[in-house]
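My entries follow in the order in which I checked things.

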Amino acid sequence: MSRRLRADMIAETRASLIAAARVAFGTVGYAETAMDDLTAAAGLTRGALYHHFGDKKGLFAAVLGQIDAEMTLRLRAVSARAPDRWSGFRDECVAYLAMAREPEIQRIVLRDGPAVLGDPWQWPIQNDCIRMMTKGLGELIADGRLMPVDPEAVARLLVGATQHAAQWIAHAPAPETALQGATEALDAMLGGLLRKPA
């Protein structure tokens, strides 16, 4: 068997398991997902799951990583549509909050994610988010749009605030009302970072 064919088979097996797990985790949740049902839905064996992901938790981490990558692409597209860098930054933050209303993101990322994988501050994807936000804030400071503050400190404060607000929206009895309140509060916070005219 050629190396390329083997690599294609491995990628196909992983993709099948992730797709089946994403459906299961997104509908019945992590705790209620049985590995035998999941592997049967993928047309594979439990051994394939163990070989590629180690265990159910490893597969869950792969699913969450896939969803996070998709969220990042969506957020970058929002930012790219904005008329300027500051508007793009603000719109990206608001779009993240709005995603908390989506059932798959609610269940996998915001509810089961912390329960299964532990403190989100320890997730590699969280650190990537902080790095990207720090870079964006640094550019806005260099542009003279924001006050000269520590961009990493601001990034950590904003990531913490938006993450907590997303949890609030995801669990709120009236998510739209929570989103509106969170967006208004976020705008007020972000407005405080703007450099005031001399």
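**Entry 1: α5 and α7.** I began with the crossing of α5 and α7, in what is a predicted model, and I noted that this crossing is left-handed. Two packed helices are described by the angle between their axes and the distance between the axes, and I looked up both. Helix α5 covers residues 85-99, and it packs against α7 at an angle of about 150°, with the two axes 10 Å apart. Because angles over 145 degrees count as roughly antiparallel, I wrote down α5 as roughly antiparallel to α7.

Next I asked myself which residues of α5 meet α7. On the α5 side I found Arg-85, Trp-86, Phe-89 and Cys-93, and on the α7 side Met-133, Leu-137, Glu-139 and Leu-140. When I sorted the residues of this contact by kind, I had six nonpolar, no polar and two charged.

**Entry 2: Phe-89 and the core.** I stayed with Phe-89 and set aside its neighbours within four places in sequence, which left contacts with Ser-79, Met-133, Leu-137, Leu-140, Leu-158 and Leu-190. I then turned to the largest nonpolar core, which has 57 residues, and Phe-89 is listed there among the residues with the most contacts inside it, together with Leu-17, Phe-25, Leu-59, Met-133 and Leu-158. Which helix gives this core its largest share? I found that it is helix α4, residues 56-81, with nine residues.

**Entry 3: Gln-126.** I went back to α7, which runs over residues 124-142, and picked out Gln-126 within it. Is Gln-126 buried or exposed? Its relative accessible area is 7%, and since buried means under 20%, I recorded Gln-126 as buried. Not counting residues up to four places away in sequence, Gln-126 touches Pro-120, Trp-121, Val-159 and Gln-163.

Entry 4: I looked next at Thr-39, whose place is in helix α2, residues 35-42. With a relative accessible area of 3%, Thr-39 is buried. Leaving aside its neighbours within four places in sequence, I listed Leu-17, Leu-44, Thr-45, Arg-46 and Leu-49 as the contacts of Thr-39. I also checked how far Thr-39 is from Leu-17, and although the two residues are 22 residues apart along the chain, their C-alpha atoms are separated by 6.9 Å.

I then compared the axes of α2 and helix α3, residues 46-53, and noted that they come within 9 Å and cross at roughly 95°. Angles of 65 to 115 degrees count as roughly perpendicular, and α2 and α3 are therefore roughly perpendicular to each other. Met-35, Asp-36, Leu-38 and Thr-39 of α2 make this contact with Arg-46, Leu-49 and Tyr-50 of α3. By kind, the residues of the contact of α2 with α3 divide into four nonpolar, one polar and two charged.

**Entry 5: the whole chain.** I finished by stepping back to the chain as a whole, in which I counted nine helices and zero strands. The C-alpha trace spans about 70 × 45 × 30 Å along its principal axes. The chain has 198 residues, and buried residues make up 40% of them. Lastly I looked at contacts between residues at least 6 apart in sequence, and I noted that 68% of these join residues at least 24 apart.

Terms used. Residues numbered from 1 in each chain as written. Predicted model: local features only at pLDDT ≥ 70, side-chain atom pairs only at ≥ 80, totals over all residues. Heavy atoms only, no water. Helix = DSSP H or I, 4+ residues; strand = E, 2+ residues; numbered from the N terminus. Buried < 20%, exposed > 50% of the residue type's maximum accessible area, 1.4 Å probe, protein only. Contact = heavy atoms within 4.5 Å. Axes fitted to C-alpha atoms, helices over the stretch in contact; angles between N-to-C directions. Parallel < 35°, antiparallel > 145°, perpendicular 65-115°, else oblique. Left-handed = near helix turned anticlockwise from the far one by under 90°. Nonpolar A, V, L, I, M, F, W, Y, C, P; charged D, E, K, R; others polar. Core = buried A, V, L, I, M, F, W, Y, C linked by side-chain atoms within 4.5 Å.
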